[in-house]
Every structure is written in structure tokens, then in C-alpha cells.
Amino acid sequence: MQCGESRDPVSGTDQSTRLFSPLPLISLAMQSGLGPCTLSALLDKFGTAKSILAASSSELLSIHGVGEKTVKQIREANDLDRAAEVLRWCERQKTNIVPQMSASFPRWLGELPDAPALLYVQGALVPKDRLSVAVVGTRHATPYGLMQANRFGYGLAKAGITVVSGLARGIDAAAHRGALDAGGRTVAVLGSGLAKIYPTEHAELADEASRSGAVISEYAPSCPPRCGQFPQRNRLIAGLTLGTLVVEAPDRSGALITARFAGELNRDVFALPGPINSRASRGCNQLIRDGAILVQSIEELIDELGPMSEALPTTTGRSIRNSSELNLNEIESCVLNAIEPTGSLIDKVIANTPYTAQQVLAVISVLEIRRLIRRLSGQYVSRI
């Protein structure tokens, strides 16, 4: 199902869906044996969570992937008491319940074949979070890895890019902290429920992230951390972002799972190189060997993100179509904005900027080199 299709709109505090009961969908999503793919198939067939609960066993068994065990799970979901407890907790803790069909649901997550039916969100996901990069890596980071994760988190946030990670110890926490120190936005994706922050010592970091971005989970608030939930969490990290940067990772790191998901979604995969005798960098070096983009600076990473499929909003309020615009200085941005997408005569560009003809011509050469514009019949046409 793609985000935006008509299904029962459910939300804890979403004003647009307040008139609808969220309990059936919450209850179904809480069933441990009912995965996101199966739930999505059921919603495609029956349209609403309430209709799924009311369906006969024969109707349910007609869905691919639904067996007797799944039917039993659905019957158990008819007891809405646990869902009611979840809803009360969300109302007390100012947590939004965002269904996949909601306008607040991150549209890119709708592209996942196993997109979650709903998200629990503390803080807010906003349109400018589409301009985001995942920064991930090992929990057992070296001082080098921690420094680089913090540096990239800080630099990306300063450039107006939302930093997404998993709130884990090591690289994740350093990346979140860098973004927060820069006064930017960060999104933490949990492998547990929002009432079970893991690791527990990151509760304060999660609170800061919710006030400067969002903390999200597909699991009910009381769900404890379990090993199998973290790879599932990693697909959301990859799905939320334009690309994934692996800062430091051994050859069996969960960060490599995030990188694999990113590659499968045709998102960029970046890696920082490390010493060949460092176990903590072995996974990064293998990623680079296998085609990941080697980056050494924030500017390199931003340039590699390249053109966007659509204009994305930034923290400054303007929209961009190419990530390289984030690296432009004031005069370069001014000249670029004076060039119409359909083409502008050079005299008009000069007239629409406060700079001299010589300055504008020099900047145009820079913009051409950066492949943000191209010359066409005496005009300059933006490529963004």
C-alpha cells in the first residue's frame, strides 16, 4: 500500500483523524504473529482494521500468508482492552499515533514492501525531514569513530539536513548528539516501544531528540527491546533517508543491515574509510570495496547526494532540487535563484542580482562546474 490510499484513519492526537477510533488498528498491530506485510495485505483486501476483525475465517484464510495461527491472532485482537491502554498512555505522554494513510506518515516509508501500519511518534516529523541522512555504526566505537560520528552529525545538521539514527550506544548516540549540539533536527528510530527506551541511559538523549525532531517506533509503547526487532528498525532508518552513512562498523555489524536496506531502496550508501588493521572499520572498508561511496567530509557527502526527484524544503524555508545547493555561499545562492528553470538571459540574471557583471559571470562558471546549471543558446538553464 502506498501512503495516501484510503484506509481507516487512526491517530491518538492527530486532529484530522480524531473522529475515528484507533483501537482496531492498534490492536492488530500489537499482535506478535501479525507482521507488517500480512497486515498490509489484509488492509488492502478489507479496507479497514475494523473490517478485518469482523471478517469470517474463510475470508481471512483467502489472503496469501494467512493461516490458522494468524486467524487466531486476529480473533485475539478483537479484545481491545490492551489497545485502549496504549491509547491512554499515548494521550498522557503526548504521543501521536500516525497510520500509514495519514498525511503525517513519512511518504518514503510507504515505499517499503513491509511498511508499518502505524508509527508511534514523540515530537514531530515535518516535511523538511525528507532532506535527511542516516548516520549509523557500531555500538563498540573507537574514539576515532565517535569523533567522526559527532562531526558528521553536527555538520549535516548545520547544513539543514536531518540526522536519523537508532539511539544505540556508540556511533548512533554520537551522531544524535552532534546534530543536537548544532541546533539541528534529529530523528531517533527505536527497536523497542517508546515507554521502553533502550539503552535506558539514553532516556535523556531521547527526550532531547523529541524536542528537536522526533523519536519514533512501530512497536507499542510497552514493547521491550528484542534482538529481532533491531534489524526491523534498521529498515525504517534506511527508508526515512536520502542516504545512509556508515561511520564505523565491524564485518557483522547491524549498521551493514541498514546499508543493505538503503541499497535495496536505491538510496545512496556512504562509508568512512578506516585502518585496514582495525576490526571496527572492517565493515566500512568492505562496503567501499563493494561500491559504497567513500566520503571524508560533510561537503563531499552533500555533493554526492546530487539531484532530488522533487524539490525538498529546507530549514531556511526555501526549496532545493540538488543537495549541492546546501554547499553554496550567499552570492552563489543568489545568482542561482536568479536563473529560471526554463532559462534566463545573462543580462536578466545580472539585473536581478546586486552584483557586478564580472562577479555574476564568475559565479556562473562555478555553478556550471558544479553541474547546477547548463548553457543553452546563450541562456543558462538550471538543472535542479
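Is Glu 299 buried, exposed or partly exposed, and at what relative accessibility? Glu 299 counts as partly exposed, because its relative accessibility is 44%; buried means under 20% relative accessible area, exposed over 50%, and partly exposed in between, with a 1.4 Å probe and protein chains only.

Colleagues, a word on the basis of these values. This is a predicted model, in which local features need pLDDT of at least 70 and side-chain atom pairs count only at pLDDT 80 or more, while totals for chains, interfaces and linings use all residues. Residues are numbered from 1 along each chain as its sequence is written, and side-chain values use heavy atoms, with hydrogens and water left out.

Glu 299 sits in helix α13, residues 298-305. Helices (H or I, at least four residues) and strands (E, at least two) are DSSP runs, numbered from the N terminus.

The largest nonpolar core has 42 residues, of which Leu 28, Leu 42, Ile 52, Leu 60 and Tyr 120 touch the most other members. Such a core is a set of buried Ala, Val, Leu, Ile, Met, Phe, Trp, Tyr and Cys residues joined through side-chain atoms within 4.5 Å. Among the elements that each supply at least two residues of this core are α1 (23-29), α6 (81-92) and β2 (118-123). Helix α6 gives the most to this core, with 6 residues. Apart from it lies another core, of 31 residues, including Leu 119, Ala 134, Leu 236 and Leu 287.

Leu 236 also belongs to the buried residues of α10, as does Arg 235.

In one of them, Asp 129 pairs with Arg 185, with the closest N and O atoms 2.7 Å apart. This pair links distant parts of the chain, 56 residues apart. Asp 129 is buried, at 8% relative accessible area, and Arg 185 is buried, at 17%.

Glu 218 forms a salt bridge with Arg 235, and here the closest N and O atoms are 2.7 Å apart. Glu 218 lies in the loop between β6 (213-217) and α10, and Arg 235 in helix α10, so the pair ties together parts that are 17 residues apart in sequence. Both Glu 218 and Arg 235 are buried.

Technical notes. A salt bridge is a side-chain nitrogen of Lys or Arg within 4 Å of a carboxyl oxygen of Asp or Glu.
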